[in-house]
Amino acid sequence: MNVLIDARSLPEYLHLRRIAEAVEGVTVFRAPLLGREKLQRHYDVIVSARSDERNMSLAERWQGTWGDTFIILVMDSGENRLDAMRCHVFDYLTRPIDEARLARSLHDAATHFAKTPRRKAL
């Protein structure tokens, strides 16, 4: 399962990557967004740990482009949960990050993708 991690700092990226790589079958990629909010390839899961406003904006765009990608948002607060549900976000975590919950979400996504035919590469 391909997981893209888009974090607001290198330490946070490294923390999220450590959690993700502990899940069997996960390959981690660092966000190649280059400031354009455009993905160059398909990812099974995107873990976005930016500011709350930016996370919601990106989630809306990503779902419009990659509707079958699972999006996990890491937010500063819980006040955007309703908006996240409207974007069909797979999971919504708040800081500080609950490592066990993130690992469980990634494991659940990996289980889903193991049972689901892969999308053809673009």
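This is a predicted model: local features need pLDDT of at least 70, side-chain atom pairs count only at pLDDT 80 or more; totals for chains, interfaces and linings use all residues.
Let's begin with the rings. A pair of aromatic rings is described by the distance of the centres and the angle of the planes. Searching the whole structure turns up 3 aromatic pairs. One of them joins Phe29 and Tyr43, whose centres are 5.5 Å apart with 65° between the planes, an edge-to-face arrangement. Phe29 belongs to strand E2 (residues 27-30), while Tyr43 sits in the loop between E2 and strand E3 (45-49), so this pair ties together parts 14 residues apart in sequence. The two partners also have their own accessibility values: Phe29 is partly exposed at 25% relative accessibility, and Tyr43 is buried at 4%.

Now turn to Phe70 and Phe113. Their ring centres lie 4.9 Å apart and their planes meet at 45°, so the pair counts as tilted. It links distant parts of the chain, with Phe70 in strand E4 (residues 70-75) and Phe113 in helix H4 (residues 99-115), 43 residues apart. Phe70 is buried, with a relative accessibility of 17%, and Phe113 is buried too, at 10%.

Our last stop is Asp91, in strand E5 (residues 91-94). Why does Asp91 count as buried? Its relative accessibility is 11%, and buried means under 20%. Leaving aside residues up to four places away in sequence, Asp91 touches Ile71, Ile72, Leu73, Arg101 and Ser105.

Notes:
Residues are numbered from 1 along each chain as its sequence is written. Side-chain values use heavy atoms; hydrogens and water are left out. Helices (H or I, at least four residues) and strands (E, at least two) are DSSP runs, numbered from the N terminus. Buried means under 20% relative accessible area, exposed over 50%, partly exposed in between (1.4 Å probe, protein chains only). Contact means heavy atoms within 4.5 Å. Rings of Phe, Tyr and Trp (its six-membered ring) pair if their centres lie within 6.5 Å; planes under 30 degrees apart count as stacked, over 60 as edge-to-face and the rest as tilted.
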